[in-house]
Amino acid sequence: MIKTSQLKELARRHGTPLFVVDHEALRGNFHAFRRCLPRVQPYYAVKANPDPEIVRTLYRIGSSFDVASIAEFNLVYENIRALPADERQNFIWDKIIYSNPIKDRRTLEELDCYRPLVVYDNAEEIGKIRRHAPNAGLALRIRVPNTGSMVELSSKFGAAPGEAVDLMSRAADAGLVVEGLAFHVGSQCTNFENYVQALGTSAGIMEEAEARGLELKLLDIGGGFPARYDRHVRPFRELAKILGAEIRRLFPKDLEVIAEPGRYMVGTTATVVAEVIGKSDRDGKRCYYINDGIYHTFSGILFDHCQYHLKAFKRGPARISAVFGPTCDALDTVSQAEDLPELDLGDLVYSENIGAYSHASSTWFNGFPPAKVVHINVQPL
Ligand SMILES: *Cc1c(COP(=O)(O)O)cnc(C)c1O
């Protein structure tokens, strides 16, 4: 946790809004993942926060990457490509998975020379990959329960388990290499049962695939690992224990198991500091206007269904206050009810655990730029 004195000092030096990323916390999350789930290689889901500095820190300590657009692929590739040329294919598969089940033709054409590992979930995609990226390796994304996850994904992606083996056979018949299965239980998945069911379903499909002569080498258990936004979220090690036991029970020892943690890796690594730029009372309620909002670092309130809480550096008796962002849109509401002390123009507020799906989806709406980013503890202490 970044000290409040350090946040204040950084805000004084750099101005606000300021997005502070703590790389010590980032390394801590990565190492905890490895320690709790030694069998599973993490492929950091870049979309959660695509800052190149984050990519480089994770690469240095052994992470692989999950990308879902050609821009994300190039971003990772350019930041990690200290590789011997002859190891390129292994390197790409070991280091990058392209996990978006839907890829346009141009993306496939551009990816093909890397012999990438890509995910698909429908028959139409097989034809596309065969024509435009015949050198790719494939993982089939299956639909699994997303019950209770903060962000639901199963309505958009995943082949029905009953069609899975057929879709893999069809890809193999088309001359493509089918490497394995992938799933995603939905983001911020605090219902661990989703993982248990998904692993069970995967094991069943793998058995059936083997009986049909398909040799699968890879299982991708996706993302969804919950960030510890508050004490109600059970710690990762409890989930890891369940996952480790189920993986051991259900799959052969030589199956390669990977995961795509996004939120878990970066959610708790960043804090945003903003400034009170306006103040009024509306219908008896105190309203503060700050210089960051829904179109910017707090975009996750809208896109990620994630409520962030604001804290003040100032002490004093708290009252329920509304907090609005700087733009002219009423949608730009950070909160209708925050417990805040009496604040004055120029006072600072901050919000913790805002590292995932926040700055990544910040816009320039209304001419207000995204928050400035500073990285601290980039080198190990
Ligand atoms: C978004 C996404 C992730 C990351 O999910 P988190 O819940 O942030 O861990 C991983 N894999 C895929 C395919 C995704 O779309």
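Is Asn353 buried or exposed? Asn353 is buried, with a relative accessible area of 12%; buried means under 20%, exposed over 50%, and partly exposed in between, using a 1.4 Å probe and the protein chains only.

This is a predicted model, in which local features need pLDDT of at least 70 and side-chain atom pairs count only at pLDDT 80 or more, while totals for chains, interfaces and linings use all residues. Residues are numbered from 1 along each chain as its sequence is written, and side-chain values use heavy atoms, with hydrogens and water left out.

**Backbone**

Most residues other than glycine have a negative phi, and most peptide bonds are trans. Asn353 has a positive phi, near 55°, and lies in the loop between β15 (348–351) and β16 (372–376). Helices (H or I, at least four residues) and strands (E, at least two) are DSSP runs, numbered from the N terminus. Asn377 also has a positive phi, near 55°. Asn377 sits in the segment after β16 and is partly exposed, with a relative accessible area of 25%.

The peptide bond from Thr16 to Pro17 is cis, with omega near -5°. Pro17 belongs to the loop between α1 (4–14) and β1 (18–22). Gly15, which follows α1, has a positive phi, near 85°.

**Helix α1**

The buried residues of α1 are Leu7, Leu10 and Ala11. They lie on the same side of α1 because they cover an arc of only 100° around the axis, the arc being that of the directions from the helix axis to the C-beta atoms. The face turned away from this buried side carries the exposed residues Arg12 and Arg13. The buried residues of α1 pack against β1, β10 (270–282), β15 and β16, where contact means heavy atoms within 4.5 Å.

**Aromatic pairs**

Rings of Phe, Tyr and Trp (its six-membered ring) pair if their centres lie within 6.5 Å; planes under 30 degrees apart count as stacked, over 60 as edge-to-face and the rest as tilted. By this rule the count is 13 aromatic pairs. One of them is the stacked pair of Phe73 and Tyr77, at 6.0 Å centre to centre and with 10° between the planes. These two residues are 4 apart in helix α4 (residues 70–80), so about one helical turn separates Phe73 from Tyr77. Phe73 is buried at 1% relative accessibility, and Tyr77 is buried with a relative accessible area of 9%. Ring pairs also link Phe33, Tyr195, Phe225, Phe236 and Tyr264 into a cluster.

**Ligand**

The ligand is surrounded by 14 residues, the closest being Lys47, Ser187, Glu260, Arg263 and Tyr357; a residue counts as near if one of its heavy atoms lies within 4 Å.

| Residue | Ligand atom | Distance |
|---|---|---|
| His184 | oxygen | 3.0 Å |
| Glu260 | nitrogen | 2.5 Å |
| Tyr357 | oxygen | 2.5 Å |

On its own the ligand has 390 Å² of accessible area, and the protein covers 92% of that area. Accessible areas come from the Shrake-Rupley method with a 1.4 Å probe; for residues, only the protein chains shown count as cover.

Note on methods: Polar contact = N/O pair within 3.5 Å; in protein donor to acceptor, adjacent residues only side chain to side chain.
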